[in-house]
Amino acid sequence: MHALGSAFNRAFRQIIGPVLGASVVAYFAYHTVQGDRGLVALTHLQGEVEEASRVLADVRHEREQLEHRARLLRPDNLDPDMLEERARLLLNKTHPDDLVILLPGRPAPQSPQDTQPVSR
């Protein structure tokens, strides 16, 4: 009996090392692909970075446009067309030569007095 038990122990010792090693390799291989910082998460994060870069480019473009319009309204470099546009918008006035197109869903002017000329 002792010989059978010793053969079993020897076989068990020879198998346990490779099984443990394969288990450790499988664990790390799985987490390399599926873990919180694995390849799947990396591709997801790269997609988010690309989307954020597109949003950043859009916001920068919008900011440049707004800065350009703000420069046109500065007192040292005042653009008369920009000033007239802002005055008409704020005062809700039009020039007699302007063509007014009413869009659906927006209220029409209340009276003909709303369309007073703006001096040029």
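# Salt bridges and helices

Modeller: Arg54 and Glu51 are three residues apart in helix H2, so about one helical turn separates them. This is a predicted model, in which local features need pLDDT of at least 70, side-chain atom pairs count only at pLDDT 80 or more, and totals for chains, interfaces and linings use all residues. Residues are numbered from 1 along each chain as its sequence is written, and side-chain values use heavy atoms, with hydrogens and water left out.

Biologist: What makes the contact of Arg54 with Glu51 a salt bridge?

Modeller: A salt bridge needs a side-chain nitrogen of Lys or Arg within 4 Å of a carboxyl oxygen of Asp or Glu. The closest N and O atoms of Arg54 and Glu51 are 2.8 Å apart, so the pair qualifies. By this rule the count comes to five salt bridges.

Biologist: Why is Arg54 called partly exposed?

Modeller: Buried means under 20% relative accessible area, exposed over 50%, and partly exposed in between (1.4 Å probe, protein chains only). Arg54 has 47% and Glu51 has 41%, so both count as partly exposed.

Biologist: What makes Glu85 and Arg69 a pair that links distant parts of the chain?

Modeller: Their side chains meet in a salt bridge at 3.3 Å, N to O. Glu85 is in helix H3 and Arg69 is in helix H2, 16 residues apart. Glu85, at 41% relative accessibility, is partly exposed, and so is Arg69, at 33%.

Biologist: How do you know that H3 (residues 80-91) is a helix with close to its expected span?

Modeller: A helix is a DSSP run of H or I with at least four residues, numbered from the N terminus. H3 has 12 residues, so it passes that length. The expected span is 1.5 Å times one less than the number of residues. H3 reaches 16 Å from its first C-alpha to its last, close to the 16 Å expected.

Biologist: Why are the buried residues of H3 said to line one face?

Modeller: Met82, Glu84 and Arg88 are buried in H3. Seen down the axis, the buried residues fall within an arc of 165°, so they line one face of the helix. That arc is taken from the directions from the helix axis to the C-beta atoms. The face turned away carries the exposed residues Leu90 and Leu91.

Biologist: What joins Glu84, Arg88 and Asp98 into one network?

Modeller: Arg88 forms a salt bridge with Glu84, the closest N and O atoms being 2.5 Å apart. Salt bridges that share partners join Glu84, Arg88 and Asp98 into one network.

Technical notes: Helices (H or I, at least four residues) and strands (E, at least two) are DSSP runs, numbered from the N terminus.
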